[in-house]
Every structure is written in structure tokens, then in C-alpha cells.
Amino acid sequence: MAANSSSIPKRRASLRRQDARVAWLLLIPSLAVILGVTLWPIIYTFILSFFNAPTGINQIRTFVGLGNYIDMLKDRTFWETVGRTLYFTVVSVGLELILGLAVAQLIHSHPWGWQFLRFSLIIPWAVPTIVNGAMWRWIYSADFGALNGILMQLGLIKHYVPWLTLPNTAMNLVILADIWHTMPFVALILQAALATLPEELNEAAMIDRANAWQRFWYVRLPLLRPAILVVLIVRTVEAFRVFDIVYIITSGGPAFKTITITYLTYLNTFSYGKQGTGAALSFLISIFTIMMALIFIRFLYRPEETR
Amino acid sequence: MRTFYKITLIIMVLAIAVSMAGCAPKAKQPVTLHILTQDQAGIKPAEVDQIARDFEAKNPDIKIVMEYVGYDYIHDKIVTGMAAKPPAYDASMIDVIWPDEFVKSGYLLDVTNRITPEMKSGIFPAAFNGVTRNGKVYGMPWLMDVKYFMYNKDMLQQAGITAPPKTWEELVDQAKIIKQKGIAEFPIDWSWNQKEGVVCDFTALLFGNGGTFVDANGKPAFNNEKGVQALTWMKQTLDDGLTNPSSISSDENSVRDNFIAGKSAFAVNWLNQYADSNDASKSQIPGKAAFAPMPVFKAGADAGIKSSSVDGSSSFGVMATTPYPDQVWKFLTYLTSNEVQTKFSAEMLPIWQDDYKGDKLTALKAATPTNPVTVPAFMEQFPYANERPTVAYYNEASAALQLAIQEALTGGKSPQQALDEAAAKWVQLAGK
């Protein structure tokens, strides 16, 4: 009996070891993929950021330590670009959140045709960014654009306006195109979150004579905080790395006024052939985005609300 | 459990075996060549495709896959394509400003030994200059292009102007008349967007004012009074409403679109704009476009400069990594042959000198409906093509100059300040 009882734990331990072996074996393919596709490029880029690494075949790379980082941090263009990218991020994500919340609330109140509204929201979001950028570039076209056409017909302008040549306007127009494209994503996430909120709270607030605004502000909005946190993190990280829509609509012009930090990275890496600088910039972008995500988590994450 | 362990192991081994089988050598097939070129200046993609199909019919063992992108994207496509394993292209169009960088990068095959005596003596030396570095040839000359000054004959006639301008100052006078008479809201159109186009136009203006990019010591000189005057003049034409304000965001295709829509009276562009302006299916002004030699500034004219443009030639480079250099060279030789170039000469004239002499000249002029006009225009303008600097860091230097010009044009900085900053950047780049 004694021998029998001691052999059971042993067998269990042996099974656990076997389970662990199988588990590791099954994990190997996905680990290999993660290592090859995600981790290795990150490690490689990190190593590259310490070298002067011109593009080309069999190029000699020279170790420069933190040189690429220091050069960038001392460069005025870099800081101007960071400021411009922050402007893009704050304005586009801020407006997307406000508009997305409004649209989500509208759908949630189930007005006539709300299902059609929800369906049509998917269209701008489903359009690839490249197509979206090309479309808005034509809308803004100084000579043949729809925006000028509409404003002329409404009598709001007397001459066609070369929108994308105006240094203080071009970035805002890119932001507008980005909002049109991405706001539906925010609206759909928030609408889904709204649909999960308990209706009893709303009814209780109504009995307490809370008006619609109070019910939204004091009851629903606090409960939406986890969803808003997700949206803010996802969208801020995306917006801070914006590239394609700028590339298509303005190519960074006029006078570098729409160059964002990812665009600067692209220029350095591929157009100027400075892979080391590009790698350093990539890591600086990562540091900025992680910092922003941490700030959101610090101020918005309440673990007790998600339990 | 042990059985499950065994099954898992067998499945994994099988999966690896199947995936390895996919890598097994295949039966012999035609060699496929991937070639990158532009969908902008020069002949159109449909015509290049036709040339490729003709070549394939004559060479069934070679298959040509052409890829077309806008000019402004080709450089970066080459760089990313060459970083791939295996590299994405066997050959690519190479602009006149890239060989220094690409030779340094090791992208281009040295084809000096493949250039036959007939090619050496038959092709314009200027076309070879674009791909020759340290006595070695790194590509097959393909397109000899310059920026041309084109105008709308009808508009000038309506304005009572009898001859196109010879100087940029005369252009301003004529544009003012055209604007005042309401014939065109913005009579002049340029490609001054933040790309290479603005540097090309600035090159024509700079040299037309007696300026240069660098002095005899290799130091930047475009920020001296000649360059500042040229840039100040550019800004003034915008302020006076003579240059279309959209020029600051326009590339050459936008300039062409405005010109063939009858919106502008004067346009600076590559040769292909002329054929498009006469294409009744898309042009509002067929038969109304005309060439004049690119004007110069009065100061330049007084100094004996007759005209000033910019060299926009390009060639085809064989990628150093291609496993099929012989097949690539065979295709490039066909693509740039005298016969093919004459046949497709509506938007791109041949690189062969003999085509511009005697009976061959007569044949060339008769080859397409536009050649009677474009061939003399080319012969008149090409000798005045000025070069942009030939340095390995050209792209970054050009970006600094593009920024400076745009900052001045949008009023962010004075022309002097903007050009001084670009010159400082050039000095910094040269020192690295």
C-alpha cells in the first residue's frame, strides 16, 4: 500500500515531465516563427543602430556607439519632426475619440436606420490607407479637386485654393483624411463596449432624474474607460507611427511641414542610405510610443473595473 | 501519452519533409527577368510592354516581367529591392543622378566590356557620361531627356504676343499680359513639389543666370547672388500670381495635365508632354503646343548664355546580383537598339547619333506624327543641358535643396537664408 501510494506521485511527476516535453515540442514552431519574424529583426535593428551602415552590397559597417542616437537628438529637424508627429497624434486621436464616441452613442440610441449607419461606418475603415490617401489627394487637388469644386459652388471661395501648398494647412488636411479613415474603428469599438453596459444603471439614473447628458457623463463614460484605454493605446501608437497617408497625400511637403518621424526614418534608411540612423530612429520611435502607452495605462487603467 | 508524443513527432517530420520538397529544383523553364522602370517621362508602359513581348517572341528562352512606378519612387524601390534575398530586380532604370551612389553601393554591374565599338561610336557621348564613372561603364544609355520650354500658341496669339520669350524677364512680361487679358488665371506652370522636379527646374534657372551648384574648389556656390536671384525670381512669379500656386505641390505629370487641359500658357517639362498635348483623346489643346529654347535670365544672356536646361537622361543598369547578366544585356541591347528606338520615338528620341544625320534624320522625322517638331527641338535644346552634382550623397543633398527652395517659396525663409542653410548642409555632407 505504502509502495503503491508513493508510486502514484512519481507517475504523475513523470506524466507532467512528458506533458512539458510535448508542450515545448509543440511550441517550437511558433517560437521559431516569433524569433525569426519578430525578435530577430528587432535585435538586428538594435545592433544596426550602433553602426554607420550604408545601404549596399558588402558595405563596411563601422561601430559608432551611441553616435547615431546623439546625432539625432542634437538635430533640430528631428525635434521639429517629433513635435509635428505629436501634433498629428494628439489632434487626430483626440478628434477621433470625440467623434467616435458621439457616433457610437448615436448608434447606441438606435435611431431610424442605425443598422445602415453601423454598416456604412465599416466602408471608410475597410478602404486601404493607400487608396484613402490617393482619394484625398485628388479631393485636395489645387487644379481639379472636389473640395475646391464644392467650395466654389457654395460661393465660399472665389479662386481654387492650392490646399496642399499651404504650410500651416497641409498637416491639418492630412489629419482630416486620417480621421475619415480611422474614426469608424473608434466608433465601432466604443459602440460594442456601450452595448455591453448594464441597462439597469441607466434606468436607475433616469429614476434619479438624471438628464441624458448626466447619464452619459456620470454613468456610461466611466464604465467605458477600459474600452477608451484600448482605443487610445492602439490609435496613439498607430498615429505616432503614421507614414503611408502622408507619403501619398503630401510626400512630406510643403517644405517638410508634413514630415513625420516615421517618414524621417524612411528617408534616412532608403533615400539617404543611412541604415544605422534609420535603425536608431526606429528605436527612438519605439521608446516614445512605449512611454505614451505607459502614461495612458497609468492614468486610465483601473484594475478593479475590469474584474 | 507516449502514442500522442509519437504522432506529434511524425506529423512534424512529415511537415518539414513536405516543405523541403517544395525547394527541390524544377524542370528547366524560360529565364525570367524582373526589370524596373518608370511610368513618367520617356515611352509609356504599354509601349515598353510591347517591346518586351516582341523580344520574347524572338527569344523564347527569356521571359520579361516589367514593373512600372512613378519616377519619384524608383530609387527607393531599387534600394529595398536590392536588400531582398534574392534581390528583386535583374535590371533597373537608373537616373543620371544615381550612378555615384549605386556604384558605391555595389548595385551595378560593370558592363564596360559589353559595350561594342558600334555602341561606343554610335551613341551620343553625353548619354555615356551619365553612366560612366572612373572610366568604367555601369549601364546601357536609354533615354536622353532635357526639360523643355513649351507654350500654347493660341494663348500667345490671343494675347497679341508674336514670339515666345527669350529671357525669363520677358516671360514675366508676357505672362502679365496673358493674365491681365484673362486668357489664363495662372499662365506659368512648374514642377516645384518637394521632389527632384524642383531641383531640375532650379538647375535650369540657376545656370541660366550664370550660376553653378559648386565652385572650382567643390564648395557650394548656389547660394551666391546668382542662385539667390533665381530663387527670388521664382518666389516673385508666385507672389504676382503668374506661376500657378499649385506648382509647389505639382510633379511633372500635374504640369502636363494643366497644360493639356488648356489651363497654362507656359510649361517647363520633359519631352513626353508634347505628344500628350497632341493626343486628342485626352488633350484640350491638340496642335496648339509649341517648343521654344529654354529662356535664360537677362544677365545670363548678356554673359553669352543662349539657353539653359537640365539633363534628365537615364540608362538601364544591370544589377550586380543578377544570375542572368547575358540575358539581361541581350534585352537591354534590344530595348535601346536603333530600330526599336526609332519606332517608339514619339515621347523619347533615340540615343544614336547617326539618326540625326542625312537620310536617317528624314526617316526619324517621319517615324511618328510628333517627330517633325520634337526632333529639331531636341537637337536645339540638348546641347544646353546642365548637370546636377555627381556625388554619392546626392539624394540627401538634393533633399536639403528641395527643402530650402520650398521654404523660400512658401515664405518661411528668405531665399538667401534658405539657400545658405542648404549650402551648409552640403558642406556637412561632403565632410562625412
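This is a predicted model: local features need pLDDT of at least 70, side-chain atom pairs count only at pLDDT 80 or more; totals for chains, interfaces and linings use all residues.

Trainee: How many residues are in contact between domain 1 and domain 2 of chain B?
Mentor: Domain 1 of chain B puts in 20 residues, and domain 2 of chain B puts in 21. On the domain 1 side, helices H3 (71-83), H4 (99-105) and H17 (371-381) of chain B each supply at least two residues.

Trainee: Which helix gives the most to that side of domain 1 of chain B?
Mentor: H17(B) does, with six residues. By class, the domain 1 side that touches domain 2 of chain B has seven nonpolar, seven polar and six charged residues.

Trainee: OK, switching to the contact between the chains. How many residues does each one bring?
Mentor: Chain A brings 27 residues and chain B brings 32. The elements of chain A that give two or more residues to its side are helix H1 (2-48) and helix H12 (261-271). H1(A) gives the most to that side, with five residues.

Trainee: What's the make-up of chain A's side by class?
Mentor: The side of chain A that touches chain B has 15 nonpolar, eleven polar and one charged residues.

Trainee: Now some helix packing. At what angle do H10 and H13 of chain A pack?
Mentor: Helix H10 (residues 225-240) and helix H13 (residues 275-300) of chain A pack at about 165 degrees, and their axes are 10 Å apart. Because of that angle, H10(A) is roughly antiparallel to H13(A). The crossing of H10(A) and H13(A) is right-handed.

Trainee: Which residues meet there?
Mentor: From H10(A), they include Ile228(A), Leu229(A), Leu232(A) and Phe240(A), while H13(A) contributes residues including Phe288(A), Met292(A) and Phe296(A). The residues of this contact between H10(A) and H13(A) divide into eleven nonpolar, two polar and one charged.

Trainee: Sheets next. What's the strand order in the five-stranded one in chain B?
Mentor: The order is E2-E1-E3-E12-E6 (chain B), in an open sheet with mixed pairing. Strands E2 (62-69) and E6 (140-143) of chain B stand at the edges with a single partner strand each, so one side of each has no neighbour in the sheet. On average, neighbouring strands of this sheet are turned by 30 degrees against each other, direction ignored.

Trainee: Do tell me about E1 and E3: are they parallel or antiparallel?
Mentor: Strand E1 (residues 31-38) and strand E3 (residues 91-95) of chain B run parallel, joined by two bridges. Leu36(B) has Ser92(B) in E3(B) as its bridge partner.

Trainee: Which helix lies across E1 and E2 of chain B?
Mentor: Helix H2 (residues 45-58) of chain B lies across them, running at about 170 degrees to E2(B).

Trainee: And what's the order in the four-stranded sheet?
Mentor: E8-E9-E7-E10 (chain B), again an open sheet with mixed pairing. The edge strands are E8 (188-189) and E10 (289-292) of chain B, each pairing on one side only. Strand E7 (residues 148-152) and strand E9 (residues 266-269) of chain B pair in the antiparallel sense over four bridges. Tyr148(B) stands opposite Asn269(B) in E9(B).

Trainee: Then which residue has a positive phi without being a glycine?
Mentor: His110(A) has phi near 50 degrees. His110(A) is in the loop between helix H3 (76-108) and helix H4 (114-126) of chain A.

Definitions and conventions:
Residues are numbered from 1 along each chain as its sequence is written. Chains are lettered from A and ligands numbered from 1 in the order in which they are written. Axes are lines fitted to C-alpha atoms, for helices over the stretch in contact, and angles run from 0 to 180 degrees between N-to-C directions. Angles under 35 degrees count as roughly parallel, over 145 as roughly antiparallel, 65 to 115 as roughly perpendicular and the rest as oblique. A crossing is left-handed if the near helix is turned anticlockwise from the far one by less than a right angle, and right-handed if clockwise. Two residues are in contact if their C-beta atoms, placed from the backbone, lie within 7 Å. Ala, Val, Leu, Ile, Met, Phe, Trp, Tyr, Cys and Pro count as nonpolar, Asp, Glu, Lys and Arg as charged, and the others, Gly among them, as polar. Two strands pair if DSSP finds at least two bridges between them.
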